[in-house]
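I opened this notebook to record what I looked up in the structure, one topic per entry.

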Amino acid sequence: DGIDGSGSHAIYNQKNSGNKDDFNKSSKNILSYMFVPLQLTNLNTSQIVWQEEKMNSSEVCRPLLLVNAKETKDVLKEIIPAIQKEAYELQITGLEIKTAEGGHIKIYCDIQTTMIDGKMHSLLLGTGKPIAILEFIKS
């Protein structure tokens, strides 16, 4: 999964309600939290049942959350803990799917945050500059 923002979307340049819970006063920015399913593996046999062929393609990204907000530390503090909680629950309890034949398939998710750009790294680490990521990784 990963998170990224984009701005200058004139079509979304609407005024918010003025409610203090709104993230921004103008909503010309969009923050998206996306995921890419990579593979399904049978845990009993360790056999890969399905694997995504275009892992790095934007065509296979699926949105978990779209927010009219600019990517800031405050917005991330609000969004990320809620998503991390749900991701943790999927890893522990899994997801059960009923098949058309009346059977059940239990799916456990191994979720890893890997799609984050330099600006997002800086905001998450609180460094204010992308070069600090390299320093953090080296240490």
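**Entry 1: Leu95**

I began with Leu95, which counts as partly exposed at 41% relative accessibility; the class lies between buried, under 20% relative accessible area, and exposed, over 50%, with a 1.4 Å probe and protein chains only. The model is predicted, so I noted that local features need pLDDT of at least 70 and side-chain atom pairs pLDDT 80 or more, while totals for chains, interfaces and linings use all residues. Residues are numbered from 1 along each chain as its sequence is written, and side-chain values use heavy atoms, with hydrogens and water left out.

I placed Leu95 in strand 6 (residues 95–98); strands are DSSP runs of E with at least two residues, helices are runs of H or I with at least four, and both are numbered from the N terminus. Leaving out residues up to four places away in sequence, I found Leu95 touching Leu90, Ile105, Lys106 and Ile107, where contact means heavy atoms within 4.5 Å. Leu95 and Ile107 are 12 residues apart in sequence, and their C-alpha atoms are 5.0 Å apart.

**Entry 2: Leu124**

I then turned to Leu124 in helix 2 (residues 118–125). Leu124 is also listed as partly exposed, at 41% relative accessibility. Not counting residues up to four places away in sequence, Leu124 touches Leu76, Ile80 and Ile116. From Leu124 to Thr72 I recorded 9.2 Å, C-alpha to C-alpha, across 52 residues of sequence.

**Entry 3: Glu52 and charge pairing**

Where does Glu52 lie? I located Glu52 in the loop between strand 4 (47–51) and strand 5 (62–67). Glu52 is buried yet has no salt bridge, and Lys54, the nearest side chain of opposite charge, is 6.4 Å away. For charge, Lys and Arg count as positive and Asp and Glu as negative, while His and the chain ends are not counted. A salt bridge requires a side-chain nitrogen of Lys or Arg within 4 Å of a carboxyl oxygen of Asp or Glu. The side chain of Glu52 does reach the backbone nitrogen of Lys54 at 3.0 Å. Leaving aside neighbours within four places in sequence, Glu52 is in contact with Pro37, Leu38 and Val60.

I counted 2 salt bridges by this rule. Lys54 forms one with Glu59, with the closest N and O atoms 2.9 Å apart. Lys54 is partly exposed at 44% relative accessible area, and Glu59 is exposed at 54%. Glu89 and Lys85 also meet in a salt bridge, at 3.4 Å from N to O. These two residues are 4 apart in helix 1 (residues 73–92), and therefore separated by about one helical turn. Glu89 is partly exposed at 38%, whereas Lys85 is exposed at 55%.

**Entry 4: Surface patch and whole chain**

I noted a nonpolar surface patch of Leu40, Val49 and Trp50, with about 280 Å² of accessible area together. Patches take residues with over 30% relative accessible area and no salt bridge, joining nonpolar side chains (Val, Leu, Ile, Met, Phe, Trp, Tyr) within 5 Å and like charges within 9 Å. Areas come from the Shrake-Rupley method with a 1.4 Å probe, and for residues only the protein chains shown count as cover. Leu40 is in strand 3 (residues 39–42) and is partly exposed at 39%.

Methods:
Polar contact = N/O pair within 3.5 Å; in protein donor to acceptor, adjacent residues only side chain to side chain.
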